[in-house]
Amino acid sequence: TGNGICKCRVCECFPNFTGSACDCSLDTFPCMASNGQICNGRGTCECGTCNCTDPKFQGPTCEMCQTCLGVCAEHKDCVQCRAFDKGEKKETCSQECMHFNMTRVESRDKLPQPGQPDPLSHCKEKDVDDCWFYFTYSVNSNGEANVHVVE
């Protein structure tokens, strides 16, 4: 794979690579989570990729947890500013809240429902005007976060 040399039909890997085709990187940097831990302390780094051992956690560094308490509260302010142009992050929305794709739907029954392949959180939160708003938060297999919010 370009990470070693072939001698007598056997790969001799350059430093920091292993495997029969030298295709496994021993570099752990891609596995480093934002808290400085390898795979957020919830997985193992194999060939430069996290293998999450805690099934609740996923993503490239095992930091995403759709079923953990707080997913809704954690994203509430960003959903509020992106969807309704109000809330605590209204002034910093374009800097802090662009980490998810957002889709508006007409009503609650148009929100994605459980049973889809991606882990899904249904959220009901109060906005700054003390009104309820509804959204879902999910992460697909590519690690992209998707929000569907009721208009």
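**Domain layout and strand pairing**

The protein is divided into domain 1, spanning 4-65, and domain 2, spanning 69-150. The model is predicted. The C-alpha centres of domain 1 and domain 2 are 31 Å apart.

Strand E1 covers residues 4-7 and strand E2 covers residues 10-13. The two pair in the antiparallel sense, over four bridges. Within this pair, Ile5 stands opposite Glu12 of E2. E1 and E2 form a hairpin, with two residues between them. Cys8 lies in the turn and has a positive phi of about 55°.

An open sheet is formed by four strands. Their order is E9-E12-E11-E10, and the pairing is mixed. Strand E9 (100-105) and strand E10 (120-126) stand at the edges. Each has a single partner strand, so one side of each is left without a neighbour in the sheet. On average, neighbouring strands of this sheet are turned by 25° against each other, direction ignored.

The pairing of E9 with strand E12 (residues 145-150) is parallel and runs over six bridges. Thr103 has His148 in E12 as its bridge partner.

A helix accompanies these strands. Helix H1, residues 71-84, packs on the sheet. H1 touches E9, E10, strand E11 (132-139) and E12. The direction of H1 makes about 110° with that of E11.

Notes:
Residues numbered from 1 in each chain as written. Predicted model: local features only at pLDDT ≥ 70, side-chain atom pairs only at ≥ 80, totals over all residues. Heavy atoms only, no water. Domains from an automatic or database assignment. Pairing = 2+ DSSP bridges. Axes fitted to C-alpha atoms, helices over the stretch in contact; angles between N-to-C directions. Contact = heavy atoms within 4.5 Å.
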